[in-house]
Amino acid sequence: MLTRIDHIGIACFDLDRTVEFYRATYGFEVFHTEVNEEQGVREAMLKINETSDGGASYLQLLEPIREDSTVAKWLAKNGEGVHHIAFGTADVDGDSEAIRDKGVRVLYEQPRIGSMGSRITFLHPKDCGGVLTELVTSAQPTEH
Ligand code: CMX
Ligand code: CO
């Protein structure tokens, strides 16, 4: 069951400048940063609120680390902006299989590693009304 907005993914050219915009404009602080080599991004997670299922909702600011990464390609075409949304679930395996059975393309055979040790997969935007959609199971869903 999908129980929250886990994060909104925002693509940017300059992560440090974008982090500073969110800090100076809204007062949001960086909760976590990491490089995800497989996804080709450097990212900052800004925690916006905790949620009733024990999880939390974040903004995920994304800067590409390679020219051939999906985010670099997307930025070249669209410029900066909202890149994807992510729903949180305790069971990314079960929920992605159930969604695959409805005819929506799930991009990975098995979930991969996302922010903070989470397990993630993506649904094809062309099957989701133009919205790239991620499903996330946090590493420790009850300890945020
Ligand atoms: N949102 C909505 N539509 C998108 C999109 C996005 N983020 N990215 C691509 N599309 C659309 C394109 O506009 C294009 O549509 P048209 O054919 O109408 O022009 C179509 O999808 C194909 O786009 P493309 O530029 O050729 O891109 P690819 O098919 O190579 O890649 C996708 C698209 C979704 C398969 C790829 O972006 C992907 O694998 N995404 C999942 C991984 C990812 O995004 N990682 C970064 C975030 C990591 C994290 O969240 O932790
Ligand atoms: Co994401």
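Trainee: OK, what kind of model is it?
Mentor: It's a predicted model.

Trainee: And what's the average pLDDT?
Mentor: The protein averages 96, and 97% of its residues score at least 70. For the model, the ipTM is 0.99 and the pTM is 0.97.

Trainee: How many helices and strands are there in the protein?
Mentor: There are 3 helices and 8 strands. If you walk along the sequence, they come in the pattern β-α-β-β-β-α-β-α-β-β-β.

Trainee: Why is it called as compact as a globular protein of that length?
Mentor: Because the radius of gyration is 15 Å, close to the 15 Å that the globule rule gives for 144 residues. Along the principal axes, the C-alpha atoms fill a box of roughly 40 × 35 × 25 Å.

Trainee: What share of the residues is buried?
Mentor: Buried residues are 30% of the 144.

Trainee: And the contacts, what fraction joins residues at least 24 apart?
Mentor: Counting contacts between residues at least 6 apart in sequence, 57% join residues at least 24 apart.

Trainee: Switching to ligand 1: which residues come nearest?
Mentor: Of the 22 residues around ligand 1, the nearest are Gln39, Thr70, Phe122, Pro125 and Leu132. The elements giving two or more residues to that shell are β4 (56-64), α2 (70-78) and β5 (81-89).

Trainee: Which element gives the largest share?
Mentor: That's α2, with 4 residues.

Trainee: And how does the shell divide into nonpolar, polar and charged?
Mentor: You get 8 nonpolar, 11 polar and 3 charged residues around ligand 1.

Trainee: New topic: where does Met116 lie?
Mentor: Met116 is in the loop between β6 (112-113) and β7 (119-123). Its phi is near 55°, which is a positive value in a residue other than glycine.

Trainee: Why does Met116 count as partly exposed?
Mentor: Because Met116 has 15 other C-beta atoms within 10 Å. A residue needs 20 or more to be buried and 12 or fewer to be exposed, so a count in between makes it partly exposed.

How values were computed: Residues are numbered from 1 along each chain as its sequence is written. Chains are lettered from A and ligands numbered from 1 in the order in which they are written. This is a predicted model: local features need pLDDT of at least 70, side-chain atom pairs count only at pLDDT 80 or more; totals for chains, interfaces and linings use all residues. A residue is near a molecule or strand if its C-beta atom, placed from the backbone, lies within 6 Å of it. Ala, Val, Leu, Ile, Met, Phe, Trp, Tyr, Cys and Pro count as nonpolar, Asp, Glu, Lys and Arg as charged, and the others, Gly among them, as polar. The radius of gyration is taken over C-alpha atoms; the globule rule is 2.2 Å times the number of residues to the power 0.38. Two residues are in contact if their C-beta atoms, placed from the backbone, lie within 7 Å. pLDDT is the predictor's confidence in each residue, from 0 to 100.
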